[in-house]
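User: I am new to reading protein models, and I would like to go through one with you feature by feature. Could you give me the general idea each time, and then the case at hand?

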Amino acid sequence: MSVGNDSIASLEKEIDELRKILRKKEKELSLLKECHVNKEKCLGINKLKLDDKLSKDDIERFSRQIIIPTIGVKGQQLLKAASVLIVGAGGLGCPAAQYLTGTGIGHIGLVDYDAVDRSNLHRQLLHTQENIGVSKVASAAGALKQLNSSIRISEHNIQLDSSNAIEIVQQYDIVIDATDNVATRYLLNDVCVISGKPLVSGSALRLEGQLTVYNFNQGPCYRCIFPSPPPPETVTNCGDGGVLGAVPGVIGVLQALEVIKIVLGWDGVLSGKLLLFSGEQSTFRNIRLRVKNPSCVICGDHPLITKLIDYEQFCGAKASDKDNAINILREEQRVSPEILHSSFMCNDEGILIDVRDTVEFKMCSLPNSINIPLKSIDETSSIQKIKEIVECKKKTHQNCPVYVLCRRGNDSQRAVLKLEKSLQEENVAVCDLKGGLHAWARAIDSSFPIY
């Protein structure tokens, strides 16, 4: 018996609709439970007492950690009473949330403005391919509820900023920074200092990770270590630099461990210390950080910052790990995917230079494009190579524009500015593909991978 494509598509559509209905019902149930909890709080009957007995479910679920002498019944009650805000439901936030849920933290808040994308799935393992397009907080909350339906999960499907950070952070005992941009790191640091909350900060890039705890037990805050933000062009996120999924997995789990240690009052919290992890060598190294700075502008003896500021302006970069389009060329220096397709692909006019790194070029590339990475685009050998190709092309084509492309259309603009000067004598137009390969995939070839 054969099944037609129409029947498969119809079933897939029906399943998708049922999933949407299920997510809607789960959301309604979560809101009803939260209203019930808030009502009990208002009546003053939901306050955890440390001498309350653990339930049958608590004992069966958490018995393997309760029997650890340094945790015991009291420790489990402390965990159940604790609340943790996780900012970022991605590569760090997913494992941190998963292990805190498994440990029995009573209330977990999730903050993220983004939706699940296919490129997330290799490292953000709370999300599934069925949830592509769904908000990350809803996707993560649903997965966590499958693990432990008795905990309270609050979804904050927003981008954290100066207007909402204090109101949200003050609802929780501890904050986890699982973000991927400098502006949000400064925002979280300042709001945690102002609100008196410890900040468990992690990061991961390529094969390396870092972890520390700020604003805890008279330890330094982020500004004590980094008073000024780095130049925006020196900052690389995992979207541009790449990351092996297991590395943020390691750091996220360790972030959960630091939270547990703080809740239980254990020694050994990474306050004033930075843990460095090498995934390539499987090594951990602790280095001592500077002590709390009495002159720190936010946590010092005489703070100059007493309220939240504009962190995007302060850092000169967006509070997002998304690529922010730049526009540094004149309009006539930019071409659309349609023009590139007509000129280069159909009429063989000009040359096409791809300025992505070699490893990205090998992943996917346009036919007949030449790979010269941006970092070497203005080297003598690169310019000479381009001039030779242009001269050869001019023998058969009077018009020989130089087209430059990259992943999203930013590096290509930088390359055009460099090539313009070097190719003045060649009397050729130098243009970039506006929007890069992402625009090409959307406008010309939907089978071309977007990454």
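User: Which residues does UniProt list for "active site"?

Analyst: Before the answer, a word on the source: this is a predicted model, in which local features need pLDDT of at least 70 and side-chain atom pairs count only at pLDDT 80 or more, while totals for chains, interfaces and linings use all residues. Residues are numbered from 1 along each chain as its sequence is written, and side-chain values use heavy atoms, with hydrogens and water left out. UniProt positions are given in this numbering, with shortened feature names, and annotations may be inferred rather than shown by experiment. The unreviewed entry lists Cys-238 and Cys-406 for "active site".

User: Is Cys-406 buried or exposed?

Analyst: Buried means under 20% relative accessible area, exposed means over 50%, and partly exposed is in between, using a 1.4 Å probe and protein chains only. Cys-406 counts as buried, at 5% relative accessibility, and Cys-238 also counts as buried, at 18%.

User: Where does Cys-406 lie, and which residues is Cys-406 in contact with, leaving aside its neighbours within four places in sequence?

Analyst: Helices (H or I, at least four residues) and strands (E, at least two) are DSSP runs, numbered from the N terminus, and contact means heavy atoms within 4.5 Å. Cys-406 lies in the loop between β12 (402-405) and α15 (411-422), and, with neighbours within four places in sequence left aside, its contacts include Val-355, Arg-356 and Asp-411. Cys-238, by comparison, is found in helix α9 (residues 238-241), and its contacts, under that same exclusion of neighbours within four places, include Arg-123 and Asp-180.

User: How many disulfides are there?

Analyst: A disulfide is a pair of cysteine sulfur atoms within 2.5 Å, and by this rule the count comes to 0. Cys-364, for example, has its closest cysteine sulfur in Cys-406, 12 Å away, which is too far for a bond. Cys-392 is in no disulfide either, since the nearest cysteine sulfur, that of Cys-400, is 9.3 Å away.

User: How far apart are the end C-alpha atoms over residues 346-449?

Analyst: The UniProt annotation "domain: Rhodanese", from the unreviewed entry, covers residues 346-449. Over this stretch the end C-alpha atoms are 21 Å apart, and the chain is 40% helix and 13% strand.
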